[in-house]
Amino acid sequence: MADRTDDLEDELRDMLSRRAADVRPRVTGADLRALAAQRGKHWPARLAPMLAAAVVLVLAVVAFALLGRSPGHPQPVRPAGPGTSTGRSVAPEPSSPPPTPGSPTTSAPPPTTAPIGPVTTAGPPFGGTATVPPHVRLSDLPWGSAYPSSFPASNALGTTPTG
Amino acid sequence: MTVSSVSPVSPTPPTFDEFVRDSHIALVRYATLLSGSAAQGEDLVQEVLVRLYPRWDALSAQTGSIGAYVRRAVTNEHISWRRRWSTRHIRLADDGDLPEVPVAGIPEARDEELWQRLLVLPPQQRAAVVLRYYEDLDDDEIAVILDCRPTTVRAHVSRGLAALRRNNQNSRGGSRG
C-alpha cells in the first residue's frame with residue numbers, strides 16, 4: 001500500500017514537472033505591464049454602464065417616493081355612505097373609477113356627537129392624507145343666539161336656533 | 001523553477017517589473033497545472049496581475065511575501081473561474097469516437113491518464129495536490145495560499161491522492177477486463 005502511494009506520488013511529481021516544462025507563455029512581461037497600465041487608465045469607462053444603471057435606479061426610487069406610488073402601496077379608500085360636502089346625495093358606484101386629482105373629495109357627514117375638529121379622510125388618489133374643513137352645526141357657533149327672530153325654527157339642516 | 005524558488009522574502013519588495021520578469025513563467029506554469037490548459041493558465045495570471053498592478057506598491061509593502069499573495073490570488077481566481085465556467089457551459093455527452101482511457105503501458109499515455117484524473121478533482125483538492133507535488137510546499141505554506149488550516153490541507157491532499165488511486169485501480173481493472 002505504502003509502495004503504491006509512493007509510486008503514485010513520484011508519478012505525480014514527474015508528470016507535473018513534465019507538464020509545466022512544456023508551458024511557454026506567449027505574453028511577455030512588457031506586454032503585461034502595458035496591458036495593466038492601459039486597463040488602469042480606462043477603468044472608469046468599464047464601470048460607466050454600471051454607474052449609469054445605479055443612477056437611474058436611484059432616480060426611479062426617489063420619483064416613486066415623491067409620487068407616493070411605490071409598488072405595493074394600497075389604493076385610497078372611497079368614503080362610504082351617501083352625502084357630499086354640497087349636501088347632494090350621491091348613489092354609491094362600486095365600479096366607478098377612482099377620483100381624479102382635480103375632483104373634490106367627498107366624505108360622509110360626521111355624527112352629531114362627534115367633536116368639532118379636522119376630519120381626516122382616506123386620502124387623495126396619490127396617497128398621503130388630506131384634511132377637509134369640519135362640518136359645523138349652527139348651534140355650536142358663538143353667534144348662534146344672534147339670529148333674527150324671523151329665522152325659521154327648523155331650517156334646512158334640521159337644527160333649531162337656540163336663544 | 002517554481003514561484004517559491006524565484007520570489008524569496010526579501011527586505012526590499014520587488015517592483016512590478018521585477019516580479020513579472022522573475023516569476024511570470026513560474027506563475028503561468030502553476031496556473032496551467034491548476035486550470036488544465038496553458039491558454040487558460042496564461043489568462044488567469046494575466047487577469048490577476050493586471051488587477052493587482054494599480055495597487056502593487058501598497059500590496060508589496062503590506063504583505064510579507066508578494067509571491068505567496070499572487071499565488072493565492074491566482075488560486076482564488078481559478079476557483080471562481082471554474083464556478084463561472086460551470087454555470088455558463090454545458091458539458092456534452094461523451095463522444096464515443098474517442099477513447100476515454102489512454103492505452104496503458106506507454107509513458108506518455110500513463111502521464112495523460114494521470115493528468116486527466118487530476119483534472120476531475122475538485123479545485124481545492126487539485127490546488128493542494130499541485131502545491132504539494134509541484135511547488136513542494138509544506139502544509140503551512142499551502143494553508144496560507146488556500147486560506148485554510150493545515151489540517152484541511154492534509155485532508156485535501158489525502159482525499160486527492162485517494163481519488164487518484166481509486167481511479168487508477170478502476171482504469172487498470174477496466175483495461176484488464
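Buried residues make up 6% of the 163 residues in chain A, where buried means that 20 or more other C-beta atoms, placed from the backbone, lie within 10 Å of the residue's own. The model is predicted, so local features need pLDDT of at least 70 and side-chain atom pairs count only at pLDDT 80 or more, while totals for chains, interfaces and linings use all residues. Residues are numbered from 1 along each chain as its sequence is written, and chains are lettered from A in the order in which they are written.

Chain A has three helices and two strands, in the order α-α-α-β-β along the sequence. Helices (H or I, at least four residues) and strands (E, at least two) are DSSP runs, numbered from the N terminus.

Chain A touches chain B through 23 residues of its own and 28 residues of chain B; two residues are in contact if their C-beta atoms, placed from the backbone, lie within 7 Å. On the chain A side, α1 (2-21) and α2 (29-41) each supply at least two residues, and α1(A) gives the most, with twelve residues.

The table sorts two contacts by class. Ala, Val, Leu, Ile, Met, Phe, Trp, Tyr, Cys and Pro count as nonpolar, Asp, Glu, Lys and Arg as charged, and the others, Gly among them, as polar.

| Contact | Residues by class |
|---|---|
| Side of chain A that touches chain B | eleven nonpolar, four polar and eight charged residues |
| α7(B) with α8(B) | six nonpolar, one polar and one charged residues |

In chain B, α7 (residues 123-133) and α8 (residues 139-146) pack at an angle of about 140 degrees, with their axes 10 Å apart. The contact includes B:L131 of α7(B) and B:I142 of α8(B).

Definitions and conventions. Axes are lines fitted to C-alpha atoms, for helices over the stretch in contact, and angles run from 0 to 180 degrees between N-to-C directions. A residue is buried if 20 or more other C-beta atoms lie within 10 Å of its own, exposed if 12 or fewer, and partly exposed in between; C-beta atoms are placed from the backbone.
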